[in-house]
Amino acid sequence: MPETMIRLEAVTKVFPGSDVAAVGNLSLEVAGGEIAVLVGPSGCGKTTTLKMINRLVEPTSGTITVAGEDIMSVPAHELRRRIGYVIQQIGLFPHRTIADNIATVPRLLGWDRARIDQRVDELFTLVDLDPTMCNRYPRELSGGQRQRAGVARALAADPPVLLMDEPFGAVDPIIRSRLQDELLDLQRRLHKTIVLVTHDIDEAIKLGDRVAILNIGGVLEQYGPPAEILRDPASPFVEDFLGSDRGIKRLSLMPIRDVALEPGPVVAAGSDSEAARAVMDRYGVDWFGILRGEQLAGWAWASELDDTPIATIEPKPFMVRLGLDDSLRDALDTVITSHTRVAPVFDGDRFAGMLTAEAISRELAR
Amino acid sequence: MTLLAQAAGDPRFFRWDWVWSHLDLIAQKVGEHLLLTGIALGVGLAISIALALIGLRFPKTYPPITWVTGLLYTIPSLALFAFLVPITGFTTLTSEIGLVSYTLLILVRNIVAGVQGIDPAVHESALGMGYGRRRLLFEIELPLALPVILAGLRIAAVTTIGLVTVTALIGKGGVGYFILTGLNRFFDTEIVLGSVLSVLIAVAVDLTLVVLERWLTPWTRQERGAT
């Protein structure tokens, strides 16, 4: 595991006028270069926890260190300039152009004009924001564009740590999914330490290297990689929070690459019908795939065999082709929607093998 | 005296020839009117910003501030001037004390409302990025409150321009001078001139402030095809 970037030790927050702790005795470590997602129902203190890291909320007790340094040992405004911050409503400054918004932290840090301009240009490219937007005001942008501008602004001074509070909560589901993919893509290039808060378990599973599931009062129920949490929920609360489709969620985290594929009921185009019948018997199906070299040409029904040589049958194409990087969830979807009840998998052009419902459920049980 | 006889004896309601022959005086009084208004608004704005900042920083002080400025606003202007003349005499200072005190209520209230009306998300993101209190105020809060502050300034300006005519009673009245001398001499032309000029100045200043607002707050415009 890489070095710890953010460490919370026995952190408690009791808001003035309240008897109960919003966050109680929470300890958590976030490794450098990882995305840690805090997820839980409302009232679980996930946002409070996030805000304690940049001191927008000051802990009642306990210590928090960022890059080994106690956050209380630096002035709050200096600490915050070293930590990127993105909130759900983005909070772009309405009276400043997008370029000026993105330049916020470099300006606070006193960079010179030329360096700021160059950095702003870089960021437009980095978050894939149309450069003609630079002189627009925030109200002239769409929700997705504002979100990108918000991320660009948070990344402006290249902070090692990024805090994101429900960053995709205000955009519609299609844009949200795209922005999530963009964040993952960005993270592959930048390797920031990201703490992200969400109430959406699917978002947590998709984005998190590690997911922290919090219960009411900031009680940490489980903290670990999403696959581990899905396979082995630590408490009934976690199990309940993960939902009834836990198995399906797990499948989405399992790439086909990690599964031993069966060849499936396929025969070479040059084989005779006896070979085809034998392979269909073995798999208990009434169809067979036809291979031409390493290419899977398609499939045919058993009834088409008769006495004609396989080479003369016109194979029906497989509608869906899965790659090794697709997930078992994609494979399951293919299996249950196709005529043949299998998912053919390809490594580039080469036929790699087939997945059946049995094979998929065997993987889940492992 | 000849002027008085000449004026009072004329049967016409409004005498343009009198206007043409007194253009210099009119220009001087309009200038004086604008100057008195400008000083009142400038000083009033400075005091109001200070009071509003105190009220925003220490919320407990805000109710007494609105209470005192509200009280000042309710004092009849004639009574205020009558009270001040024995202390400060027939001076510009007397006029300005009155004029300034009438701007405070509107301006303080609008500055505070403008700053409090800022989107909490903007406030939070500014703090989260490392703004200190002072820069937050001058770079984020006051600029964003500008439309509301300028709306208050427009009301204060129109009110002040009307009140300046009253200060003619203590010798400094801008175009109020014409109304006062016209009333003294039963000369309708001067009364009408003073009133119309006062209205024209109010309209002109208001329009100027509208233009100023558009220029200072380009982000509130929605011309370039928002998506």
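Two residues are in contact if their C-beta atoms, placed from the backbone, lie within 7 Å. The structure shown is a predicted model.

**View 1. Contacts and helices of chain B.** Among the contacts of chain B with a separation of 6 or more, 74% are between residues 24 or more positions apart. Chain B holds 10 helices and 0 strands, and its pattern, read along the sequence, is α-α-α-α-α-α-α-α-α-α.

**View 2. Dimensions and burial of chain B.** The radius of gyration of chain B is 22 Å, whereas a compact globule of 227 residues would have one near 17 Å. Along the principal axes, the C-alpha atoms of chain B fill a box of roughly 75 × 50 × 20 Å, and 35% of the 227 residues of this chain count as buried.

**View 3. The side of chain A that touches chain B.** The contact between the chains takes 22 residues from chain A and 17 residues from chain B. On the side of chain A that touches chain B, at least two residues each are supplied by helix H2 (76–81), strand E6 (83–87) and helix H4 (104–108) of chain A, and the largest share, 4 residues, comes from H2(A). Sorted by class, this side of chain A has 9 nonpolar, 7 polar and 6 charged residues.

View 4. A:Val151 is 32 residues from A:Leu183 along the chain, and the C-alpha atoms of the two are separated by 9.1 Å.

Notes. Residues are numbered from 1 along each chain as its sequence is written. Chains are lettered from A and ligands numbered from 1 in the order in which they are written. This is a predicted model: local features need pLDDT of at least 70, side-chain atom pairs count only at pLDDT 80 or more; totals for chains, interfaces and linings use all residues. The radius of gyration is taken over C-alpha atoms; the globule rule is 2.2 Å times the number of residues to the power 0.38. A residue is buried if 20 or more other C-beta atoms lie within 10 Å of its own, exposed if 12 or fewer, and partly exposed in between; C-beta atoms are placed from the backbone. Ala, Val, Leu, Ile, Met, Phe, Trp, Tyr, Cys and Pro count as nonpolar, Asp, Glu, Lys and Arg as charged, and the others, Gly among them, as polar.
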